[in-house]
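Reader: I would like to learn how to read helix packing and a chain interface from a model. Please start with the helices.

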Amino acid sequence: MDIFLQQLINGLVLGSVYALVALGYTMVYGILELINFAHGEITMMGAMVSLAVIGALALAAPGLPGVLVLGAGLAVAIPVCMALGLLIERVAYRPLRHAPRLAPLITAIGVSIILQNIAMLIWGKQYIPFPAILPQGRHEILGASISDTQIAILVLAVLIMMTLILVVQKTRLGRAMRATAQSRQVASLMGVDVNRVIASTFVIGSALAAVAGVMVSAYYGLAHYYMGFLLGLKAFSAAVLGGIGNLGGAMLGGLLLGLIESFGAGYIGDLTGGFLGSHYQDVFAFFVLIAVLVFRPSGLLGARVVERA
Amino acid sequence: MSALLSISQLSVAYGGIQAVRDLSLEVAPGEMVCLIGANGAGKTTTLKAISGLIAPQAGSVHFDGQALTRLPAHEVARRGLTLVPEGRGVFPRMSVVENLMMGAYTRRDRATIARDLDQVYALLPRLTERRAQLAGLLSGGEQQMLALGRAMMARPRLLLLDEPSMGLAPLMVQAVFDIIRQIAAGDVAVLLVEQNAHLALKTCARGYVLENGVVTLSGMSADLSANPAVRQAYLGE
């Protein structure tokens, strides 16, 4: 029972991070039918920038409370990632708005490689440890344990997702985003500046990615210039699982993927008689991706089939 | 009399094809004007060029004395000129009321928007019952009404209508054109594009005939309806 509950907690925490990143993929796909494969790298940049700020602050002012230091890291990483998202859209995607859809896909991969290399040049190839600034408290629930960091990740992720739903459903920008997603041409006839709405979508998605990047590095205790690749692929799988283009789908897909990974890693040893271990954790995301694409390409909540991904 | 919309020598090329050539056209404030012609004559292209969806090759479009030429569509929409596109273009995954509110997207005056919404519901009672329904679930005629109501929410001075009768049952066509006439009675100018020339000439005071991208005839609807060439080509006689 305690192992089950433990995996459930771990899966939910991990899944809420996947959900935040998956939202970025799904929002951009919903509006442009474009997979922004540089999105994982934006997450990585969020982690790296915040770690740089946190590291510098921890050196300069060692007495500062950890939460404050973390807040400063986020306060820098979020705008940096937003600017990065804006820049990528402007430079790599907007000029190709009317090009065949393979073209922006290729520039997306190009942008990820560039971002990885920039990060490598700035921060090097080694793993960067997340300084031990956060409260290390753990709480026991029914034989399982949950850390302060995990609680913070869960609460923050839920708050962010609720805010996002409110923005998309209730605000003028949200209505413009949904209208643009349904018909760019008609939205422009309503007076919607479609380019601005698309740019806003990238900016919002990038802000979520920044937060998710900080969460991941705080959770695993490290960051690395290549971390965005796997994280991005997993979040993309989560978005496809939920039904790409669908916000609720990205949230559901993220949580499910987190749970599948967590339970998979927890029980794979028992199931294979010790033949495969928990280091096979990363395999599950791709099993899920393949299974969804084969059996239900529109995803769990997606109404439309992904025509031209 | 100064024209509300004044198009002069407009030429539009579309993927290497000359769709519209040297088109000149005027609409006075509050006037109802139709543009008739066969399929592919360049009617839709003309409306798209006016509303900024495609950039013209040459010529100019002036609205209320201001040049619209080469403004993007969203800027044109903000100047009081609203296109109801061919095939209605409602947002299928938005509710009726959300579609209507999209029409008022550029407006910030909450109180008058609420009043206009009530007026649209009064004009289109069928929509009132379905205000929470997704627009994609409405019938074709209801979608056309919604598109008209949405256009009214922008408080336009000129309404561009692209084939509002397309795909509708005869009774529904009547209902839609009744609404168009009511809208025009409220001092909104209308430029109507229609393949149904009979209906268009009956509805509008003046008309232009477009053939292969060129205006071949223009004048009062009564004169056009009496013209043997128009009768033969467009009125099926």
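Author: Two packed helices are described by the angle between their axes and the distance between the axes. In this predicted model, helix α9 (residues 227-242) and helix α11 (residues 283-295) of chain A pack at an angle of about 35°, their axes being 9 Å apart. Axes are lines fitted to C-alpha atoms, for helices over the stretch in contact, with angles from 0 to 180 degrees between N-to-C directions. Helices (H or I, at least four residues) and strands (E, at least two) are DSSP runs, numbered from the N terminus.

Reader: Is the crossing of α9(A) and α11(A) left-handed or right-handed?

Author: It is left-handed, a term used if the near helix is turned anticlockwise from the far one by less than a right angle; clockwise is right-handed.

Reader: Which residues make the contact?

Author: Contact means heavy atoms within 4.5 Å. From α9(A) the residues include A:Leu230, A:Phe236 and A:Val240, and from α11(A) they include A:Phe286, A:Leu289 and A:Val292. By class, the contact has eleven nonpolar residues, one polar and one charged. Here Ala, Val, Leu, Ile, Met, Phe, Trp, Tyr, Cys and Pro count as nonpolar, Asp, Glu, Lys and Arg as charged, and the others, Gly among them, as polar.

Reader: How much area is buried between chain B and chain A?

Author: The size of an interface is often given as the accessible area lost when the parts come together. Between chain B and chain A about 2000 Å² is buried, with 60% from carbon and sulfur atoms; this is the accessible area (1.4 Å probe) lost by the two parts, summed over both. B:Phe91, B:Arg93 and B:Tyr105 supply 30% of what chain B buries against chain A, more than any other three residues. In contact are 22 residues of chain B and 19 residues of chain A.

Reader: How many salt bridges does the rule find across this interface of chain B and chain A?

Author: Side chains of opposite charge can pair when their charged atoms come close. The rule asks for a side-chain nitrogen of Lys or Arg within 4 Å of a carboxyl oxygen of Asp or Glu, and across the interface of chain B and chain A it finds one. B:Glu98 pairs with A:Arg178, the closest N and O atoms lying 2.7 Å apart. The pair runs from helix α3 of chain B to helix α6 (residues 172-182) of chain A.

Reader: What conventions apply?

Author: Residues are numbered from 1 along each chain as its sequence is written, and chains are lettered from A and ligands numbered from 1 in the order in which they are written. Local features need pLDDT of at least 70, side-chain atom pairs count only at pLDDT 80 or more, and totals for chains, interfaces and linings use all residues, while side-chain values use heavy atoms, leaving out hydrogens and water.
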